[in-house]
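This briefing is meant for a reader who is meeting the structure for the first time. Please look over the sequence and the model below before going through the points that follow.

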Amino acid sequence: MKLGAFSISLTVKDIARSKAFYEQLGFAKFHGDEDQKWLVLKNGETLIGLFEGMFPKNLLTFNPGWDQDAQNLDDFDDVRTIQQSLLAAGVELDSQAEGKEGPGSIMLTDPDGNPILIDQHR
């Protein structure tokens with residue numbers, strides 16, 4: 001299963017304060033809009049998403065179709081193919097992707113209660 005780019009998505013209380021903190025650790029803005037309360041920061045190949053008021057808790061995020069630089073991959077597993085594989089394996093999904101192609105997402109929870117978002121943007 002090709003899950004694509006990986007990042008940790010952090011639920012933050014104050015996006016400006018969190019951004020300043022992670023910049024001290026060598027992260028720089030990679031994508032997002034601070035006015036909309038979300039940013040993706042990058043340090044080398046490591047991605048951290050900061051989200052104020054969007055998610056109830058931190059989550060693991062995978063982006064099928066993208067590499068760690070958010071560049072389109074020619075060869076990737078569509079989120080609906082991943083969804084079918086997970087369902088066939090008996091994995092319970094919290095939400096499922098709709099449609100036959102294009103953007104879509106699924107959510108699931110690991111055995112320890114950690115939410116996982118598989119979010120395809122194209």
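This is a predicted model: local features need pLDDT of at least 70, side-chain atom pairs count only at pLDDT 80 or more; totals for chains, interfaces and linings use all residues.

On one side of helix H2, Gln84 and Ala88 are exposed, whereas Val79, Arg80, Ile82, Gln83 and Leu86, which belong to this helix of residues 79–88, are buried. Seen down the axis of H2, these buried residues fall within an arc of 155°, so they line one face of the helix.

**Helix H2 and its cover**

- The cover over the buried residues of H2 includes strand S6 (93–95), strand S7 (104–109) and strand S8 (115–120).
- Ile82 is a residue of helix H2, and its relative accessible area of 0% puts it among the buried residues, because buried means under 20% relative accessible area.
- When neighbours within four places in sequence are left aside, the contacts of Ile82 are Met1, Lys2, Leu3, Pro64, Asp77, Ile106 and Ile118.
- Between Ile82 and Leu60 there are 22 residues of separation in sequence and 16 Å in space, taken from C-alpha to C-alpha.

**Helix H1 and its surroundings**

- Helix H1 covers residues 15–24, and within this helix Ile15, Ser18, Lys19 and Tyr22 are buried.
- Seen down the axis of H1, the buried residues fall within an arc of 100°, so they line one face of this helix, while Arg17 and Gln24, on the other side of H1, are exposed.
- Strand S1 (5–12), strand S3 (38–43) and strand S4 (46–52) are the elements against which the buried residues of H1 pack.
- Ala20 also has its place in helix H1, and with a relative accessible area of 39% Ala20 is partly exposed.
- Ala20 and Ile118 lie 98 residues apart in sequence, and the distance between them in space, C-alpha to C-alpha, is 27 Å.

**Overall build of the chain**

- The chain has two helices and eight strands as its secondary structure, and from the N terminus on these elements follow one another as β-α-β-β-β-β-α-β-β-β.
- The radius of gyration of the chain is 15 Å, which is close to the 14 Å that the globule rule gives for 122 residues, so the chain is as compact as a globular protein of that length.
- The C-alpha trace of the chain spans about 45 × 30 × 25 Å along its principal axes.

**Burial, surface and charge**

- Of the 122 residues in the chain, 38% count as buried.
- The accessible surface of the chain amounts to about 7300 Å², and carbon and sulfur atoms account for 49% of that surface.

- Ser7 is part of strand S1, and at 8% relative accessibility Ser7 counts as buried, because the cut-off for buried is under 20%.
- Residues up to four places away in sequence are not counted here, and with that limit Ser7 touches Leu47, Leu59, Leu60 and Thr61.

**Loop residues with positive phi**

- Lys37 has a phi near 75°, which is a positive value in a residue other than glycine.
- The place of Lys37 is the loop between strand S2 (28–33) and S3, and at 35% relative accessibility Lys37 counts as partly exposed.
- Ala70 is likewise a residue other than glycine with a positive phi, in this case near 60°.
- Ala70 is found in the loop between strand S5 (59–63) and H2, and its relative accessible area of 28% makes Ala70 partly exposed.

Note on methods. Residues are numbered from 1 along each chain as its sequence is written. Side-chain values use heavy atoms; hydrogens and water are left out. Helices (H or I, at least four residues) and strands (E, at least two) are DSSP runs, numbered from the N terminus. The radius of gyration is taken over C-alpha atoms; the globule rule is 2.2 Å times the number of residues to the power 0.38. Buried means under 20% relative accessible area, exposed over 50%, partly exposed in between (1.4 Å probe, protein chains only). Accessible areas come from the Shrake-Rupley method with a 1.4 Å probe; for residues, only the protein chains shown count as cover. The arc is that of the directions from the helix axis to the C-beta atoms. Contact means heavy atoms within 4.5 Å.
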